[in-house]
Amino acid sequence: MKNEFKKRIVSSLIIVPITFFFIIKGSVFFTFFLGIFFLATSYEWFKMNKKKSIKLIGILYLLITFYCALVLREFYGFELFLFVIIICIFTDLGGYIFGKFFKGPKLTKISPNKTYSGVLGGFVLSVIAGSIFSQKTYIISDQLNIIKSYIDYDIHPQTILLLLILIISSTSQIGDLIISYFKRLAKIKDTGKILPGHGGLLDRVDGIIFAIPLSYLLLSLLN
């Protein structure tokens, strides 16, 4: 267990800075980065599922997701895109830490390692990380004011921020369960072995690929 945890930490220390570099650089760099991720995750999905219809639907969904990611990054800016990614990362991190430390009742048979304490931990860390990051960039404040203008009631921007983080975090956790469901059908633990301690790329972005389209949809409706 400790050896796996060490591998997980080392992999994260490598892949997170690289990911942030391409997100911040944007343009051709980010497009290239998304292309690599699309090919890798599509391959893992294609290999994991046997039914042709499921394979095609999944790959089409991944294509739409990465298109949304490109538009979200290039049109709304890297700060807003990072905001979504950070919430997903800390949702996953909170679920892992709280689940390992507090343990407790299992959430569902679909993913035996998921616990109610992990769900709570995901919400707690995502709210903390999302709130801290939002204070460092004015773009988040601008979007909160836009959302507030669509609401008839006088709601404090921080309340809107909290709800937004919880929605993205919930979507990320649901996405994790959806991919876990397909892994369970395929009778595999991980979608791949490219990331030591993590599994495949699809294992790492399972929540993100559901949170990004939702975030894009919300922003499109409000702008």
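1. Start with D176: this residue is buried, at 11% relative accessible area. Bear in mind that we're looking at a predicted model. D176 has a charged partner, K114, and their closest N and O atoms sit 3.4 Å apart, making a salt bridge. K114 belongs to strand β2 (residues 111–115) and D176 to helix α7 (residues 157–186), so this pair ties together parts of the chain 62 residues apart in sequence. K114 itself is partly exposed, with 25% relative accessibility.

2. Helix α7 takes part in another charged pair. K183 forms a salt bridge with D203, and here the closest N and O atoms are 2.8 Å apart. With K183 in helix α7 and D203 in helix α8, the pair links distant parts of the chain, 20 residues apart. Are these two residues buried or exposed? D203 is buried, with a relative accessible area of 3%, and K183 is buried too, at 11%.

3. Then there's R204, whose side chain meets that of D92 in a salt bridge, 2.8 Å from N to O. R204 is in helix α8 (residues 201–205) and D92 in helix α4 (residues 78–102), so the contact ties together parts 112 residues apart in sequence. R204 is partly exposed at 23% relative accessible area, and D92 is partly exposed at 29%. How many salt bridges does the count give? The count comes to 3.

4. On to the nonpolar side. The largest nonpolar core has 44 residues, and F81, F83, I168, L202 and I212 have the most contacts inside it. Which helix gives the most to this core? That's α4, with 9 residues. The general expectation for soluble globular proteins is that nonpolar side chains tend to be buried together.

5. I212 is worth a click. Leaving out residues up to four places away in sequence, I212 touches T65, C68, A69, L72, F81, V84 and I85. Of these, T65, C68, A69 and L72 are among the buried residues of α3, while F81 is listed with I212 among the residues with the most contacts inside the core.

6. Just after α3, G77 takes a positive phi of about 100°.

7. Now a surface feature: L120, V124, I128 and I132 form a nonpolar patch, with about 330 Å² of accessible area together. L120 lies in helix α5 (residues 116–134). The spacing makes sense if you recall that an α-helix has 3.6 residues a turn, so residues three or four places apart point the same way.

8. Finally, the overall picture. The protein has 9 helices and 2 strands, following the pattern α-α-α-α-β-β-α-α-α-α-α along the sequence. Buried residues account for 45% of the 223 residues. Among contacts between residues at least 6 apart in sequence, 71% join residues at least 24 apart. The accessible surface comes to about 12800 Å², with 71% of that belonging to carbon and sulfur atoms.

Note on methods: Residues numbered from 1 in each chain as written. Predicted model: local features only at pLDDT ≥ 70, side-chain atom pairs only at ≥ 80, totals over all residues. Heavy atoms only, no water. Patch = residues over 30% accessible without salt bridge, like charges linked within 9 Å, V, L, I, M, F, W, Y side chains within 5 Å. Areas by Shrake-Rupley, 256 points an atom, 1.4 Å probe, with all protein chains shown as cover. Salt bridge = Lys/Arg side-chain N within 4 Å of Asp/Glu carboxyl O. Helix = DSSP H or I, 4+ residues; strand = E, 2+ residues; numbered from the N terminus. Buried < 20%, exposed > 50% of the residue type's maximum accessible area, 1.4 Å probe, protein only. Core = buried A, V, L, I, M, F, W, Y, C linked by side-chain atoms within 4.5 Å. Contact = heavy atoms within 4.5 Å.
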